[in-house]
Amino acid sequence: MGAYVSIPTWWQQLDSRYRLVVGQCPDCEAFNFPPEGACATCASVAAFERIEPEGTGTIVAHTVIEGGAPPEFEALLEAEDAIGAVLVELDEGVRVPGMLTDCDPHEFARGDRVEAVVRKMFEQEGIVRYGAKFRPV
């Protein structure tokens with residue numbers, strides 16, 4: 001299983017692929033990621049207000065992938081020897097999964113500060129896919 005995202009779904013989410021977007025629940029004001037679906041705090045299904053967060057946060061979980069990456073990430077793994085996968089709690093309080101960039105992923109741990117930047121994620125079905133990654137602050 002990989003990170004396959006169909007072309008129609010990719011186009012539907014295109015706006016949030018070039019900037020980090022979270023959803024704010026209109027009922028309890030909690031931030032949610034992804035910015036759609038039910039609120040993780042109060043379970044409201046009201047439409048979220050889409051907010052662009054500051055993009056800074058703290059690593060709460062971290063691992064380094066050195067083999068066995070999904071097919072769409074094989075070229076990245078071959079070029080960089082390792083991929084840092086993280087769960088970041090943004091300063092707004094919402095947790096966002098992501099990958100590390102512009103650094104050695106072995107040099108990070110829980111509690112380190114990072115900021116979101118848009119970078120190439122992978123190429124699939126002839127389309128270069130971009131998204132938010134995290135780099136050291």
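Modeller: A residue counts as buried under 20% relative accessible area, as exposed over 50%, and as partly exposed in between. The model is a predicted one, and the structure holds two aromatic pairs. In one of them, the ring centres of Y18 and Y130 lie 5.6 Å apart with the planes at 35°, so this pair is tilted. Distant parts of the chain are linked by the pair, since Y18 sits in the loop between α2 (14-17) and β1 (22-24) while Y130 belongs to strand β8 (residues 127-136), 112 residues apart. Y130 has a relative accessibility of 30% and is therefore partly exposed, and Y18, with a relative accessible area of 44%, is partly exposed.

The pair formed by F73 and F122 is edge-to-face, because its ring planes stand at 75°, with the centres 5.1 Å apart. F73 is found in the loop between β4 (56-65) and α3 (74-80) and F122 in strand β7 (residues 113-124), so the pair ties together parts 49 residues apart in sequence. Here F73 is buried, at 11% relative accessibility, and F122 is buried at 6%.

As for the cores, the largest nonpolar core has twelve residues, including V22, I59, L100 and F134, and strand β5 (residues 83-90) gives the largest share of this core, three residues. Apart from this core lies another, of eight residues, and F73 and F122 are among them, together with I83 and M121. Within the largest core, L100 touches residues including I59, V86, F108, V114 and F134, leaving aside residues up to four places away in sequence.

Methods:
Residues are numbered from 1 along each chain as its sequence is written. This is a predicted model: local features need pLDDT of at least 70, side-chain atom pairs count only at pLDDT 80 or more; totals for chains, interfaces and linings use all residues. Side-chain values use heavy atoms; hydrogens and water are left out. A nonpolar core is a set of buried Ala, Val, Leu, Ile, Met, Phe, Trp, Tyr and Cys residues joined through side-chain atoms within 4.5 Å. Buried means under 20% relative accessible area, exposed over 50%, partly exposed in between (1.4 Å probe, protein chains only). Helices (H or I, at least four residues) and strands (E, at least two) are DSSP runs, numbered from the N terminus. Contact means heavy atoms within 4.5 Å. Rings of Phe, Tyr and Trp (its six-membered ring) pair if their centres lie within 6.5 Å; planes under 30 degrees apart count as stacked, over 60 as edge-to-face and the rest as tilted.
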